[in-house]
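Here is a short briefing to read beside the model. It goes from the whole chain to single elements.

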Amino acid sequence: MKGAINTKDMMYRADKIDLKSLDMLLEKHLNLVWSKNIEIQRPVEAWEVDLSKIDLRYVIAHGTYGTVYRATYDNKDVAVKVLDWGGGNAAPAETTAMQAAFKQEVAVWHKLDHPNVTKFVGASMGTSNLMITPADGHDSFPSRACCVVVEYLPGGTLKQYLIRNRRKKLALKVVIQLALDLSRGLSYLHTRKIVHRDVKTENLLLDAHRNVKIADFGVARVEAWNPSDMTGETGTLGYMAPEVLNGKPYNRKCDVYSFGICLWEIYCCDMPFPDLSFVQVSSAVVQESLCMCSLLYVPSPLWELKLDMVVYRQNLRPAIPRCCPSSLANIMRKCWDAKPKNRPEMEDVVRMLEAVNTSKGGGMIPEDKAPSCFCLAPRGP
Ligand SMILES: Nc1ncnc2c1ncn2[C@@H]1O[C@H](COP(=O)(O)OP(=O)(O)OP(=O)(O)O)[C@@H](O)[C@H]1O
């Protein structure tokens, strides 16, 4: 229509713009956004879980840094590990450290896919609110919690399984199956340049068919190119390689050492070093030499008393029972060799275990049938 004003063509004179009303309009819009709790969009990670789809069922366990729940997610049977940041009492620096460790765990875990590694489903980095109250009603997720969702494994830990079979012991076939599962899982991690650093039977879970799955990547790391970039006492006493205990540089071979201890534990269905104290174990597994025991491994008063104490180190290893087939005993000894370079690669361990003959039965002699004087006689490392 002739004479009509086309708004597109409209020109504004700067001195005629009502900035005050524009400001008010902007503020009104922003208030609307905040009041509706609309979060600013950020890139969503591929592994980010939709928290509204988690249906918690019950608490499985209280871990060091949080609680593990059994749950369903997208119709999958899952375990959800929720970090509680030290029950809310942690200092800010501690919370930041825990958050960093958690991020590290997710960064390592989400890329892994192997039948002997607990399957990662997803995680939440505490970026969105959780409005979930567990079924028992007593506990609730902290809002903005960090959680990791993994496949649910109904068989419990390998440690629990071994304890259940402590008297009866395991058939050699079962020993080899469990050991092969663990060695294949570790071999896979090592080919991906991941060092688990806390291999122990408590961190190994069993599925319904007794398959072993490596879990707990809380301290796992991508292997450093330069070994001296990896130091620090990480792991669990009794499973820790001498170089780790000594605070020396280490690499994936520390997992091979821990595997050797696990292999002994699986064969014997027993605990390594049950009667030794913390200080005795840490000083005994390291090579014979006079050295200064000056590292603070855990904040234990007992340990602090021993600071800077001079101790003889004895290269101690668990005693291999005489009934153990030499093929298996050799694998244990090679794996827990004091020198990391003498320990085999995990892929070699897989081959050695595959070659163990299980057709003639064998296995650790049950406690009530053991000729008590010989079976556990020490043979040395
Ligand atoms: N995927 C799973 N399926 C079934 N149970 C699980 C699963 N993951 C963990 N659990 C149970 O929860 C317990 C604690 O889990 P986890 O080791 O991951 O927690 P944590 O806080 O790292 O504990 P810690 O540091 O003390 O080892 C395990 O011992 C196991 O009983």
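The buried residues of helix α10 are covered in part by α4 (172-191), α6 (253-268) and α9 (326-335). This is a predicted model.

**Helix α10**
- Helix α10 spans residues 346-354, and its buried residues are Met346, Val349, Val350 and Leu353.
- These residues lie on the same side of α10, because they cover an arc of only 105° around the axis.
- An α-helix has 3.6 residues a turn, so residues three or four places apart point the same way.

**Strands β4 and β5**
- Strand β4 covers residues 120-125.
- Five of its six residues are buried, so β4 is largely enclosed by the rest of the structure.
- β4 runs antiparallel to strand β5 (residues 146-151), and five bridges join the two.
- Phenylalanine 120 has valine 150 in β5 as its bridge partner.

**A nonpolar surface patch**
- Leu19, Leu22 and Leu25 form a nonpolar patch on the surface.
- Together they have about 300 Å² of accessible area.
- Leucine 22 sits in helix α1, which spans residues 19-35.

**The whole chain**
- The protein chain has 10 helices and 11 strands.
- Of its 381 residues, 43% are buried.
- Among contacts between residues at least 6 apart in sequence, 65% join residues at least 24 apart.
- The chain exposes about 21,000 Å², with carbon and sulfur atoms supplying 55% of that area.

Notes: Residues numbered from 1 in each chain as written. Predicted model: local features only at pLDDT ≥ 70, side-chain atom pairs only at ≥ 80, totals over all residues. Heavy atoms only, no water. Patch = residues over 30% accessible without salt bridge, like charges linked within 9 Å, V, L, I, M, F, W, Y side chains within 5 Å. Areas by Shrake-Rupley, 256 points an atom, 1.4 Å probe, with all protein chains shown as cover. Salt bridge = Lys/Arg side-chain N within 4 Å of Asp/Glu carboxyl O. Helix = DSSP H or I, 4+ residues; strand = E, 2+ residues; numbered from the N terminus. Buried < 20%, exposed > 50% of the residue type's maximum accessible area, 1.4 Å probe, protein only. Arc of directions from axis to C-beta. Contact = heavy atoms within 4.5 Å. Pairing = 2+ DSSP bridges.
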